[in-house]
Amino acid sequence: MTTQFPRIERLKAKMSAKDESKVGTVKSEEDKATQTSPPNSTKFTNFSATASQWEIYDFYQEEIKRRDQSSLQSIKEEEFEDSLIKIYDIAHLAGLARYMEGKVFHRAYADILYDFKHFEDASDEFRGEKGTLLPLWKFEYDKAKSLSVTALCWDQKHNDLFAVGLGSHEFTQQGGGMLVLYTLRNPNYPEFIFNTVSGIMCVDVHEDLSHLVAVGLYDGCVAVYNLRKKSDEPFWNSRANPGRHKGAVTQVKWQKDDLDSNHNFISVSADGRLVSWTLVKHELVFTDMIKLPVPDTIPENLKDVFSTVGTNLDFHKQKDNFLVGTEYGKIHKGSKFYNKFAETYDAHFMTVTCVKWNPFHPDVFISCGWDWMVKIWDQTMKSPMFTFELEIGAAVTDVAWAPYSSTVFAAVTTEGKVHVFDLNINKYEALCQQKVVSKKTKLLHIEFNPVHPIIIVGDDRGHVTSLKLSPNLRKKPKDKKGQELPMSPEVEKAKLEQLLSLLR
Amino acid sequence: MNEAEKTIKRIQAQKGVEGVIVVNAEGIPIESNLDHQRTLHYTYNFQQLLARTQRVMKDLDPQNEATLLDIQTEKNNILVSTDKDYFMIAMKNSREGP
């Protein structure tokens, strides 16, 4: 009996079950798509390229080269990683960045660049024989503010590069020093900077191998920097050398390579010695050349104790003669191969600050000193051919011959003035006497650029100013017909010889 | 900071310089002091202009190639310099500059 009920109940349950089936509406087909935005936008790149004939050719050439080189090697994993880092690294862009810095600077100061390249002062025609100096760029390095410019030297090969030695002449203000090289292509910031322990007193850039720069320091060391090496330290240093100077090195000059093809230079110092240094592999080998004579006022037995401070040194271009100026106001002429001095000139009453041979005439040299005078000499005569007293009370700190004329020279004084003379035009007066720095700034050095008509002057604030010479200061000699003669050493020598013969 | 970065900072500090962008061989700006949008905008446009310019120079003389492009506009002055695959853009406001 119980079995019947479940069956009916089951049937009832079945019958009463709700019909839950439905007929749903069929929607029309719909396309649905999603798109994600590109992930980190910096990694998403656009690539575009063109395929022109030269591009295809270049690519094939490179591909052939690459296949020849790496046919046996496969790229190692480290190289792969390196190349990845390289893509995001700008360290090797230093060259491009420097180029850009120079271009941006010259674009901003385009007027100065134009003046440098093209400007010729037309008003010189109305000024008689006088000329002017046009200020161009000023070279400043903020870390050199407390230092004075102690040396200037143009690179003979790269005519837009010059070296500045920074230090101090004052005994009481000795700190560190710097060797800084600027290029006219980027006056904003130096091209090379080297810090030194002691102040730099002199700089000379090798004439042919302009990556070798010799410096002399206040503490008596000489050092040679190799600009091709990327290091802060000089490549050769005389610090540990037994031949090192015991006084400040006042001048260094490169010489021609010796018989073993070694580079060498000669230095003069406050200890009175002239020493020749030869670069042998990684060492500096010294040779004592000559000692400056001590004046007769000092008793015989003390002559070894006292030393004559050599202040300046210049070598003749053709002969082996050289000139040394001293603190006693004398100039000694000697030869590289003799132990004694050939001649002594009583040049100035006070320290001789500069002595330079004339680049064209083999017998002529110029000297200047603290006694306000500039004197021009013929080496065969004991007294000067020309004497100029520049300014009362202003010591003459440096003088330089112009590379384009045997009769043009320029001098700088502690009053901040530049004096330019052309003996061919006026034998008694300067053609230009111009103050180029602000008050109370002393000018310490001057150099003519080998090719461009500009001069650079260094002052005691660590600044270097470049100035353009106006046409009247660059006059070329004219022949009988009134036409300008082409520049040649013989013409220049003859010009000066003519002037001197009138005085003899 | 290495030399290249120091130099780029100095360029940015020069009077009147609004922006400096360094773009690498793949066209990605790796250094810039402008906002992102502008950087990409300039990069994209100058990449094309530079490619065009190089094509013109090579067409005129296969040994020669452009090293600096200097564009003077009404409002500013743009310098683009290239070195193999990299290039650098510097923009100066010509009214502000000296």
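Is Ser261(A) buried or exposed? Select Ser261(A) and see what you think before reading on. Keep in mind throughout that this is a predicted model.

**Stop 1: two residues in loops**

Ser261(A) counts as exposed, because its relative accessibility is 53% and the cut-off for exposed is over 50%. You'll find Ser261(A) in the loop that runs between strand S10 (249-254) and strand S11 (264-269) of chain A. Now look at the backbone there: phi of Ser261(A) is near 60 degrees, a positive value in a residue other than glycine. That's worth a stop, because most residues other than glycine have a negative phi.

Next, select Lys440(A), where phi is near 65 degrees, again a positive value in a residue other than glycine. Lys440(A) sits in a loop of chain A too, between strand S25 (432-435) and strand S26 (443-448). With a relative accessibility of 76%, Lys440(A) counts as exposed.

**Stop 2: all of chain A**

Zoom out and colour chain A by secondary structure. How many helices and strands does chain A have? The tally is six helices and 28 strands. Of the 504 residues in chain A, 47% are buried. The accessible surface of chain A comes to about 28,700 Å², and carbon and sulfur atoms own 53% of that. Now think about contacts in chain A with a separation of 6 or more: residues 24 or more positions apart account for 48% of them.

**Stop 3: salt bridges inside chain A**

Over all chains, a search of the whole structure turns up 22 salt bridges. Let's visit a few.

Start by selecting Asp314(A) and Lys253(A), which form a salt bridge with their closest N and O atoms 3.9 Å apart. Asp314(A) belongs to strand S14 (residues 310-315) of chain A and Lys253(A) to strand S10, so this pair ties together parts that are 61 residues apart in sequence.

Then move to Arg273(A). Which residues pair up with Arg273(A) in salt bridges? One of them is Asp271(A), with the closest N and O atoms 3.3 Å apart. Another is Asp288(A), whose side chain meets that of Arg273(A) at 3.0 Å, N to O. Asp288(A) is in strand S13 (residues 283-291) and Arg273(A) in strand S12 (residues 273-280) of chain A, so to speak distant parts of the chain, 15 residues apart.

Asp288(A), by contrast, is partly exposed, with a relative accessible area of 42%.

**Stop 4: where chain A meets chain B**

Show both chains. The contact takes 31 residues from chain A and 39 residues from chain B. Between them, about 3,000 Å² of area is buried, and carbon and sulfur atoms give 67% of it.

Across this interface there are three salt bridges. Select Asp70(B) and Arg107(A) to see one of them, with the closest N and O atoms 2.5 Å apart. There are also four residue pairs in polar contact between chain A and chain B, with both residues at pLDDT 80 or more.

Which helices of chain A each supply at least two residues of the side that touches chain B? They are helix H2 (53-69), helix H3 (77-87) and helix H4 (94-108). H4(A) gives the largest share, twelve residues. Sorted by type, the chain A side divides into 16 nonpolar, seven polar and eight charged residues.

**Stop 5: Arg98(A)**

Finish by staying on helix H4 of chain A and selecting Arg98(A). Arg98(A) counts as buried, at 15% relative accessibility. Follow the side chain of Arg98(A) and you'll see it reach the backbone oxygen of Pro190(A) at 3.5 Å. Leaving aside neighbours within four places in sequence, the residues in contact with Arg98(A) include Thr183(A), Asn186(A), Tyr189(A) and Glu191(A), plus Thr7(B) and Arg10(B) from chain B.

Conventions
Residues numbered from 1 in each chain as written. Chains lettered and ligands numbered in written order. Predicted model: local features only at pLDDT ≥ 70, side-chain atom pairs only at ≥ 80, totals over all residues. Heavy atoms only, no water. Contact = heavy atoms within 4.5 Å. Buried area = accessible area lost by both parts, 1.4 Å probe. Salt bridge = Lys/Arg side-chain N within 4 Å of Asp/Glu carboxyl O. Polar contact = N/O pair within 3.5 Å; in protein donor to acceptor, adjacent residues only side chain to side chain. Helix = DSSP H or I, 4+ residues; strand = E, 2+ residues; numbered from the N terminus. Nonpolar A, V, L, I, M, F, W, Y, C, P; charged D, E, K, R; others polar. Buried < 20%, exposed > 50% of the residue type's maximum accessible area, 1.4 Å probe, protein only. Areas by Shrake-Rupley, 256 points an atom, 1.4 Å probe, with all protein chains shown as cover.
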